[in-house]
Amino acid sequence: MFCYTLKQMVRDNLPPLDSNPGRNSSLTSRKRGVGLWRKPIWRVVIVCVLVLIAAAVILVLRETSGKDSSKTDDKSKTIDAKTNAIETAQNQSMLGDYNKAAQTLNEQIAKTDGSDKGALSDLYAQEALVYYNNSQFDKALESAKQAENAQPTAATAGLVADSSHKLGDDKTALDFYHKQLDRLNADTTLGSSDMSTKDVVQKIEQLGGSV
């Protein structure tokens with residue numbers, strides 16, 4: 001039979017004996033229970049915070065992705081609408097219905113976002129062609145200038161020049177033929193740029209200008 005002294009009990013980290021063993025057992029059990037409950041609380045809190053952060057990040061990513069997708073869809077719809085309007089106007093012009101063609105383009109221009117300069121330039125340029133082919137050179141010049149202001153290209157400069165020439169303003173026509181030539185020379189992607197530049201040079205020389 002082993003007998004522990006007080007020193008031995010302290011050395012071995014044993015609790016002192018109590019006259020009421022049941023009470024000792026109950027207290028020990030409670031302390032262990034409290035310890036087990038308190039220990040993992042900070043872990044649970046951290047896990048909950050991480051879960052909330054992850055959920056917030058996922059929501060932000062979904063919203064951003066949805067907005068980007070919406071913008072892409074809107075842009076695609078705008079391009080399709082512009083293309084359809086131009087093709088419809090071209091067909092109407094071929095049938096001689098210039099007023100209907102101009103109306104088709106005007107309606108699409110009104111629906112087009114003002115920030116979409118490329119689409120507006122293309123629509124106004126087509127409208128200028130419709131008026132030009134119907135010998136409405138004043139309206140053609142107005143639409144050509146709108147196209148030029150929206151997004152300057154070789155085509156828009158050519159439309160301003162042609163319309164100005166028809167209205168007797170050869171000074172403006174020469175100015176814009178030179179702009180058209182400069183833009184054609186700067187655009188290396190044009191497959192038929194040589195033929196286009198020759199045509200513009202010829203127009204310039206016919207008006208008494210030089211290259």
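A salt bridge is counted here when a side-chain nitrogen of Lys or Arg lies within 4 Å of a carboxyl oxygen of Asp or Glu. The model is predicted, with local features requiring pLDDT of at least 70 and side-chain atom pairs counting only at pLDDT 80 or more, while totals for chains, interfaces and linings use all residues. Residues are numbered from 1 along each chain as its sequence is written, and side-chain values use heavy atoms, with hydrogens and water left out.

By this rule there are three salt bridges. In one of them Asp122 pairs with Lys82, their closest N and O atoms being 2.9 Å apart. Asp122 lies in helix H5 (residues 117–133) and Lys82 in helix H3, so the pair ties together parts that are 40 residues apart in sequence; helices are DSSP runs of H or I with at least four residues, numbered from the N terminus. Lys82 is buried, at a relative accessible area of 15%, whereas Asp122 is partly exposed at 34%, where buried means under 20%, exposed over 50% and partly exposed in between, with a 1.4 Å probe and protein chains only.

Another salt bridge joins Arg183 to Glu148, with 2.8 Å between the closest N and O atoms. Because Arg183 lies in helix H8 (residues 170–186) and Glu148 in helix H6, this pair links parts that are 35 residues apart in sequence. Glu148 counts as buried, at 10% relative accessibility, and Arg183 as partly exposed, with a relative accessible area of 24%.

A further salt bridge is formed by Asp162 and Lys203, whose closest N and O atoms are 3.3 Å apart. Asp162 belongs to helix H7 and Lys203 to helix H9 (residues 193–206), so parts 41 residues apart in sequence are tied together.

Definitions and conventions:
Helices (H or I, at least four residues) and strands (E, at least two) are DSSP runs, numbered from the N terminus.
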